[in-house]
Amino acid sequence: MKTKSLFIALWLLLIPFSNAFAQDVIDSGDTAWIIVATALVMVMTPAGLALFYGGMSRSKNLLNTLTMTISAYCIASVVWVLWGYTIAFGPDKGGLVGGLDHIFMIGIGIDSVSDTIPTFVFAMFQMTFACITVALVLGSVIDRMKFSSWIVFSVLWLTFIYAPIAHWVWGGGWIEEMGALDFAGGNVVHINAGVAGLVLCLVLGKRLGYGKEAMFPSSITLTALGAALLWFGWFGFNAGSQLAADGVAGSAFLVTNTSAAIGGLSWMFTEWIVTKKPTLLGLASGIVAGLVAITPAAGFVNMQAALIIGAVAGLFGYYSVAVLKHKLGYDDSLDAFGLHGICGIWGAMATGLFANPAITEGAAGLFYGNPGQVWIQFVSIIATAAFTAVGTLIVIYITKAITGGIRVDEEDEIQGLDSSIHGERAFELD
Amino acid sequence: MKKVEAIIKPFKLDDVKEALNEIGIQGMTITEVKGYGRQKGHKEIYRGAEYVVDFIPKIKIEVIIEDDWLDKVIDTICEAAKTGKLGDGKIFVINIEGAVRVRTGEKGKDAI
């Protein structure tokens, strides 16, 4: 026991030096993998999420959903290189934000290195996370938000909510210092987007006719294709978050697929038992639920834990969108909170339970003798959710003031946003 | 003259059309319609939200005939459109005041 603690003490002493050495060397294998992983994560937003959400929205609002999602990718890409990156990953200021040293990417060149990859690659990889997170929020507000408000909201939200939280968790901020485990974005991406979506849908109010008239998805086919593209991209999201091409990345790759698969089955079988029909929308939703839940845990848990995490995510996801939402009566149109919020919280807690030091050294959860991790995870979840809830509310009111309200006219909502906002239609049906 | 208006299951259209052709009916008008009767609608569930689809797609066939064809036409449609399950449809008979063939101006039974 004594020798072990002595070893750990020596190890801790070595960390600053080993980082100092590593920072100078680019590893070509790591760099190649992270460039590919970044491209994989990119596909998740303008293709995966756009189709996943687009297929679930009504046919009169399909193009509006796609436009909001794809424009979110463009907006986040620009905001990130202007000031988002430096707020998240600039030199730490009191554990809360990064300094503005790298505003407009100043001071970063082709020789800049982050760990073992070029800083440009690191910044691009992180950018794709900012893109998908803001786009995920859309799931709660589809069918009724003004397009101009969405643009203003996404700029403000990325700047004041996303970038600081990314700093807390990954940029050397206080949650990282506290020892919270969030491998690929349970807090930063899913809880953050889910809670923001919930707040935004509560302020916007229900869609006209919600709960009275039937709101059919425009195409479950598109949604299923979107889910498949999300799944594909998620390999880059999770296995890429190791920021290296190594064994942990391989493990994250495996558990990501396992959790997605069992999540889809779990949701589908639950639905089959409860409502007598195994639906494709249920299968696709369960896959995403499994992917969300494994995200914070991907580099810390083994395959057996992934089976449990994914299976429970399918159950929680089904319960929250099919039962809880209707009981509470809010209109989270495409269930950004039900899926990403709830399954993100489950994933973050599950990381505190199942983190296995045999995967990543030093990361142990309750079942591996470290009950304190559960509390740390809990604090990180509450802090993220509370900051997002309050911050998003403020951002919404600023947006409201700038764009003169955030909800479309009643007439436009009835007519459909594709024709009233964009002057286009998704299908020529006759 | 009579108009026979039959609401049938869409997949039975070809059978009914062929059966009517066989007994010598030379023309008809069809419309895609929606409705419900004893078959009722069906239920669709999306993420737990249940929507009842009341109106089911059907085909409406309209045939104009001379009075003495009536029983034969009705029997033929019934036979061809029947599956024995709920939702096979209904047949209505309506009196027709007159008819004109646009191309020639023929009137009455010559026009049908």
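What share of the 430 residues in chain A is buried? Buried residues make up 55% of them, where buried means that 20 or more other C-beta atoms, placed from the backbone, lie within 10 Å of the residue's own. This is a predicted model, so local features need pLDDT of at least 70, side-chain atom pairs count only at pLDDT 80 or more, and totals for chains, interfaces and linings use all residues. Residues are numbered from 1 along each chain as its sequence is written, while chains are lettered from A and ligands numbered from 1 in the order in which they are written.

**Overall build of chain A**

- Chain A has 15 helices and 4 strands; these are DSSP runs numbered from the N terminus, with helices being H or I of at least four residues and strands E of at least two.
- Along the principal axes, the C-alpha atoms of chain A fill a box of roughly 75 × 50 × 35 Å.

**Where chain A meets chain B**

- In chain A, 13 residues are in contact with 5 residues of chain B, contact meaning C-beta atoms, placed from the backbone, within 7 Å.
- Helix 11 of chain A gives the largest share of the side of chain A that touches chain B, namely 4 residues.
- That side divides into 7 nonpolar, 4 polar and 2 charged residues; Ala, Val, Leu, Ile, Met, Phe, Trp, Tyr, Cys and Pro count as nonpolar, Asp, Glu, Lys and Arg as charged, and the others, Gly among them, as polar.

**Helix 12 and helix 13 of chain A**

- The axes of helix 12 (residues 336–354) and helix 13 (residues 372–403) of chain A come within 7 Å and cross at roughly 160°; axes are lines fitted to C-alpha atoms over the stretch in contact, and angles run from 0 to 180 degrees between N-to-C directions.
- That makes helix 12 of chain A roughly antiparallel to helix 13 of chain A, a label for angles over 145 degrees.
- Their contact includes Ile345(A) and Ala348(A) of helix 12 and Gln373(A) and Val374(A) of helix 13.

**Helix 8 and helix 9 of chain A**

- The axes of helix 8 (residues 220–239) and helix 9 (residues 247–275) of chain A come within 8 Å and cross at roughly 145°.
- Among the residues making this contact are Trp231(A) and Trp234(A) of helix 8 and Phe253(A) of helix 9.
- By class, the contact has 8 nonpolar, 2 polar and no charged residues.

Methods:
Buried ≥ 20, exposed ≤ 12 C-beta atoms within 10 Å, placed from the backbone. Contact = placed C-beta atoms within 7 Å. Parallel < 35°, antiparallel > 145°, perpendicular 65-115°, else oblique.
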